[in-house]
Amino acid sequence: MKKMILASVCLLASFGAAHEARAQKEAMGMFYEMQLAPTVCKWNDAADHKKLDASIAAQEKGLSVSASERAAMMKTAEADLKADPSNCDKDGMLRMMYNEAVK
């Protein structure tokens, strides 16, 4: 009986951990939007993005993001940027987040 209870607890815990990791991977979309923004939005005066790229690479490694997941999230991020022109405003939230991320 104790083994069955322990197995049940372990199973439930694994579902929680898997859900949390998935949510963290989905949150990567905003970082991909920041990474793509200078190109998609044609920001000619954007700061160098090397620090942002390194941060994203570390997060991908930590979350074990596969190449196919990365490609899908990048495609979604690009579509989201193009869908709403206000995302590219030079004084908008995305630009402020980008500027903070590359400092």
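Predicted model: local features only at pLDDT ≥ 70, side-chain atom pairs only at ≥ 80, totals over all residues.

Mentor: Let's start at Ser 64, which sits in the loop between H2 and helix H3 (67-83). Its phi is near 55 degrees, a positive value in a residue other than glycine. Ser 64 is also exposed, at a relative accessible area of 54%, where the cut-off for exposed is over 50%.

Lys 42 counts as exposed because its relative accessibility is 63%.

Now turn to the inside. The largest nonpolar core has 20 residues, and Tyr 32 and Trp 43 have the most contacts within it. H1, H2, H3 and H4 each give two or more residues to this core, with H1 providing the largest share, six residues. Leaving aside residues up to four places away in sequence, Tyr 32 touches Ile 56, Glu 60, Val 65, Arg 70, Met 73, Met 74 and Ala 77.

Last stop, helix H4 (residues 93-101): Leu 94, Arg 95 and Tyr 98 are buried there. They lie on the same side of H4 because they cover an arc of only 100 degrees around the axis. As for the face turned away from that buried side, the exposed residues Met 93 and Glu 100 are found on it.

Notes. Residues numbered from 1 in each chain as written. Heavy atoms only, no water. Buried < 20%, exposed > 50% of the residue type's maximum accessible area, 1.4 Å probe, protein only. Helix = DSSP H or I, 4+ residues; strand = E, 2+ residues; numbered from the N terminus. Arc of directions from axis to C-beta. Core = buried A, V, L, I, M, F, W, Y, C linked by side-chain atoms within 4.5 Å. Contact = heavy atoms within 4.5 Å.
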